[in-house]
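Dear colleague,

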Amino acid sequence: MASQGGFSRKSLSLSNSSVAKKKSSSSENGGSDSVRKSLTASRPMGLTGERTVKRLRLSKALTIPEQTSIFEACQRMAARRVDALLLTDSNALLCGILTDKDIATRVIACELNLEETPVSKVMTRNPVFVLSDTLAVEALQKMVQGKFRHLPVVENGEVVALLDIAKCLYDAIARMERAAEKGKAIVAAVEGVEKNWGTPLSGQNTFIQTLWERMFRPSLLTIIEDNSKVVRVSPTETVLSVTKKMLESKVSCAVVTVENKPRGILTSKDILMRVVAQNLPPESTLMEKVMTPNPECATIDMPIVDALHIMHDGKFLHLPVVDKDGDIAAVIDVIHITHAAIATVGGTAGINNEAAGTMMQKFWDSAMALGSHEDDDETRSENSLKLASEGAETGRSLAFSSSSLLNTFAFKIQDRKGRMHRFICGRQ
């Protein structure tokens, strides 16, 4: 299924610097003038061990002048196969962001002339951004709270990258899945350490497993609202009429249905790549000509994590959900899932902003604290690992041959004095 943006899942090695706090808005990544003026600000490096934005999996940013025509901007985006670009002013400073959703709802739906209209007329001005040494948790939380996928990253006054929350979410899910799979072995190992240290240490692992189970194991039915907005259209409707419906409903995709059964899907990125970039007239181009036919769908009783895997493996960001009769019930995306999962953990769909912020903080903190295989490889000896602590009577050396490491995994525990202890366990 050729729909919105694709991603590959892999482990990350994360470390952090210091943090600077900036105001954000709930628009499609909208910011303030005061935020933009801080582009050239510099910050001292923070404590080692903190995880910063620069250690996340970033994408190279596509940047063009704000006076560029919309048509040229779309051609550049299509050539790079990206769904967002950044705009700069006459001083080469970041001044705006343009996404595929903007093109669908602010350009096509409003019937603007693509060749005569500059991007500055439709871009989101003064987008929220972060510095490269901003705490990763702060950046990710800012994106979820602001409900936008893309976040510019600035270093020494220049835009250096673009952060996509979908990639970060997939990485976090992969990390938490590994932790959940290894949970029993970790608990067993920790119990052995507790006997020597006399201190319970399994709380963090229990928290991670509980968080994982409550956020991503429930079915999609638990996060789909009764009044879920789905733009249902027929195969013979024009792209122009469909974009107007998308604008009215404030969504970024439409589902082509026949007798309420999904027969196709068209996303804002499809409109960019298949209509605008191909110079097709939206007012006469029919949905059946440019939609993705027979889209892969989830069922309402499918676990949330399985739906995320479908989206990741299929390399798209929108997933239609059908009920037991095969009728379209909803369309979910990454931001929707993240918000809904956090609300589920909070125990109520009406979770307040403060509680949601706390839950987001715990989620990202837990996922990143799990580390990665890269982290383990940096400090792991090929032949042995020494386990020692001031609280233990003696240090213990655990010997492994090179071949046996293929059947082992490493994990880390932080004691009450803030020291990190690394362990290796064998698989059964």
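Leaving aside its neighbours within four places in sequence, which residues is Leu163 in contact with? In this predicted model, the contacts of Leu163 beyond that range are Leu56, Arg57, Leu58, Ala139, Leu140, Met143, Arg149, His150, Leu151, Val153 and Cys168.

Confidence

The protein chain has an average pLDDT of 75, and 65% of the residues score at least 70. For residues 1–27 the pLDDT is below 50, although this stretch has 127 contacts in the model beyond near neighbours in sequence. Residues 373–409 likewise stay under 50 in pLDDT, and the model has 67 contacts for them beyond four places in sequence.

Nonpolar cores

Leu163 belongs to the largest nonpolar core, which has 56 residues. Together with Phe216, Leu220, Phe363 and Trp364, Leu163 is listed among those with the most contacts inside that core. Helix H5 (residues 165–197) supplies the largest share of this core, eight residues. As a general point, nonpolar side chains tend to be buried together in soluble globular proteins.

Enclosed helices

Lys315 follows H10 and has a positive phi, near 60 degrees.

Ile300 sits in the loop between strand S12 (298–299) and helix H10 (304–314). Its C-alpha atom is separated by 4.9 Å from that of Leu221, a residue 79 places away along the chain. Apart from neighbours within four places in sequence, Ile300 is in contact with Ser219, Leu220, Leu221, Ile224, Val321, Val322, Asp323 and Ala329. Leu220, one of these contacts, was named above for its contacts inside the largest core.

The four-stranded sheet

Four strands form an open sheet in the order S1-S2-S3-S4, with mixed pairing. Strand S1 (63–65) and strand S4 (124–125) stand at the edges with a single partner strand each, so one side of each has no neighbour in the sheet. Strand S2 (residues 84–88) and strand S3 (residues 94–99) run antiparallel and are joined by five bridges. Within this pairing, Ala84 has Thr99 of S3 as its bridge partner. Helix H3 lies across S3 and S4, and runs at about 75 degrees to S3.

Salt bridges

The structure holds ten salt bridges, of which three are described here.

Within helix H3 (residues 100–108), Arg106 and Asp102 lie four residues apart, about one turn of the helix. Their side chains meet in a salt bridge at 3.5 Å, N to O. Asp102 counts as buried at 2% relative accessibility, whereas Arg106 is partly exposed at 30%.

Lys261 and Asp327 form another salt bridge, at 2.7 Å from N to O. Lys261 lies in strand S10 (residues 261–267) and Asp327 in the loop between strand S13 (318–322) and strand S14 (328–333), so this pair ties together parts that are 66 residues apart in sequence. The relative accessible area of Asp327 is 17%, and this residue is buried; Lys261, at 26%, counts as partly exposed.

Asp164 and Arg149 also form a salt bridge, with their closest N and O atoms 2.8 Å apart. This pair links strand S7 (residues 158–164), which holds Asp164, to the loop between helix H4 (136–146) and strand S6 (150–155), which holds Arg149; the two residues are 15 residues apart. Both Asp164 and Arg149 are buried. Salt bridges that share partners join these two residues and Asp83 into one network. Arg149 is also one of the contacts of Leu163, the residue with which this account began.

With kind regards

How values were computed:
Residues are numbered from 1 along each chain as its sequence is written. This is a predicted model: local features need pLDDT of at least 70, side-chain atom pairs count only at pLDDT 80 or more; totals for chains, interfaces and linings use all residues. Side-chain values use heavy atoms; hydrogens and water are left out. A salt bridge is a side-chain nitrogen of Lys or Arg within 4 Å of a carboxyl oxygen of Asp or Glu. Buried means under 20% relative accessible area, exposed over 50%, partly exposed in between (1.4 Å probe, protein chains only). pLDDT is the predictor's confidence in each residue, from 0 to 100. Contact means heavy atoms within 4.5 Å. Two strands pair if DSSP finds at least two bridges between them. Axes are lines fitted to C-alpha atoms, for helices over the stretch in contact, and angles run from 0 to 180 degrees between N-to-C directions. A nonpolar core is a set of buried Ala, Val, Leu, Ile, Met, Phe, Trp, Tyr and Cys residues joined through side-chain atoms within 4.5 Å.
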